[in-house]
Amino acid sequence: MQDLVTVFGGSGFVGTQVVRALARAGLRVRVAVRRTNVAEGLRLLGDVGQIQIVQANIRNPESVARALEGAQACVNLVGVLYEAGRQKFASLHAMGARNVAEAARAAGVTRLVQMSAIGADAQSESKYARTKAEGEAAVREIFPDAVIIRPSIVFGPEDDFFNRFARMATLSPALPLIGGGKTRFQPVYVGDVAQAIARALRDPACAGQTYELGGPAVLTFRELMELVLEETQRRRFLVPLPFAVARAIGGVGDLIAVTPVPPPLTTDQVAQLKRDNVANPDLPGLEALGIRPTAIEAVLPSYLYRYRLGGQFAEPPENNPAAQVDESGRTPA
């Protein structure tokens, strides 16, 4: 174990898997997080002393510089799905990315991986997508050899997408098809994303490249909702929700975002759903990194079973009246 890699945002859904992948590759890992108490368990992902936890906030350049002292490589995974308090898109995705790139350059870091997202676009209606593009531009300006990683929806046991709608299916007789459910996605497995980041970080040939990561299948929003219902063994109505109506609901979510309760939907997320979230075939992807994409059907059953009535060994809906809904949308008694 020679190289030291600083991972910003290493305690999150993707970050945990990235830390694991880097540790398995034999690298020393310094995990830089705002709240160190939530990341202590990450030490167990490596050998004794291999993984170090430090406090840092990418909105604070001084703390970023401290976290990079002695590091040869850096991964920036920090991002938010909605704005709350001081955690704003611009301060994290744009300014934060700039802070990391500047500190990495000053510290003599030789390899940098910046996590972005498919759909990053300076002209996008979505503030999330615009600030992701601004972050990419800042990193490229300061650190031209940085690797940009843009995944589609990332799925896995702790994901925010499939778990959210699976929970909704346990409480509601219907699932919404925002914009009619026609938006296309290319869900990518979190383990594949982590492996891609670890390989891009170690391979000098990846320097300066932008990778768009998607799984083996492109599915519409409707097809994803149907998949959720299939895996949770529930029958629910799929109700088309025009973008205008979804935006009004998102406005309520914007108000909820100022509380500790995660909003079910925000206006910015509605704006994101107006564009397909599919990898650009002209850019390298998982295959270019020697990774065979994992099929969504191979992973979803391993964690969505917990939303079934009766759990993992529940009977199929046709044999389980409690998992059905009648014509009024109510679950039979």
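The legends below walk through several close-up views of a predicted model.

In this predicted model, local features need pLDDT of at least 70 and side-chain atom pairs count only at pLDDT 80 or more, while totals for chains, interfaces and linings use all residues. Residues are numbered from 1 along each chain as its sequence is written, and side-chain values use heavy atoms, with hydrogens and water left out.

View A. Helices (H or I, at least four residues) and strands (E, at least two) are DSSP runs, numbered from the N terminus. Axes are lines fitted to C-alpha atoms, for helices over the stretch in contact, and angles run from 0 to 180 degrees between N-to-C directions.

**View B. Strands β1 and β2 side by side.** Strand β1 (residues 4–8) runs parallel to β2, and five bridges join the two. Buried means under 20% relative accessible area, exposed over 50%, and partly exposed in between (1.4 Å probe, protein chains only).

**View C. Helix α1 against helix α6.** The axes of α1 (residues 13–24) and α6 (residues 190–202) come within 8 Å and cross at roughly 50°. The two helices are therefore oblique to each other; angles under 35 degrees count as roughly parallel, over 145 as roughly antiparallel, 65 to 115 as roughly perpendicular and the rest as oblique. On the α1 side, the contact is made by Phe13, Val14, Gln17, Val18, Ala21 and Leu22, and α6 brings Val190, Val193, Ala194, Gln195, Ile197, Ala198 and Leu201. These residues divide into 11 nonpolar, two polar and no charged. Ala, Val, Leu, Ile, Met, Phe, Trp, Tyr, Cys and Pro count as nonpolar, Asp, Glu, Lys and Arg as charged, and the others, Gly among them, as polar.

**View D. Helix α3 alongside helix α4.** Helices α3 (89–107) and α4 pack at an angle of about 10°, with their axes 8 Å apart. They are therefore roughly parallel to each other, and their crossing is right-handed. Residues in the contact include Phe89, His93, Arg98, Glu102 and Arg105 of α3, and Lys127, Tyr128, Lys132, Glu134 and Glu141 of α4. The contact as a whole divides into nine nonpolar, three polar and seven charged residues.

View E. Helix α5 (residues 162–171) packs with α7 at an angle of about 60°, the axes being 10 Å apart. That makes α5 oblique to α7, and α5 passes α7 in a right-handed crossing. Phe162, Phe165, Ala166 and Ala169 of α5 meet Phe221, Leu224, Met225, Val228, Leu229 and Thr232 of α7. Nine of the contact residues are nonpolar, one is polar and none is charged. Also in α5 is Asn163, which is buried with a relative accessible area of 3%. Leaving aside neighbours within four places in sequence, Asn163 is in contact with Gly156, Pro157, Glu158, Tyr303, Leu304, Arg306 and Tyr307.

View F. Gln233 sits in the loop between α7 (221–232) and β13 (237–241). The phi of Gln233 is near 55°, a positive value in a residue other than glycine. At 14% relative accessibility, Gln233 counts as buried. Gly85, in the loop between β4 (73–76) and α3, counts as exposed at 54% relative accessibility. Gly85 and Ala73 are 12 residues apart in sequence and 30 Å apart in space, C-alpha to C-alpha.

Technical notes:
Contact = heavy atoms within 4.5 Å. Pairing = 2+ DSSP bridges. Left-handed = near helix turned anticlockwise from the far one by under 90°.
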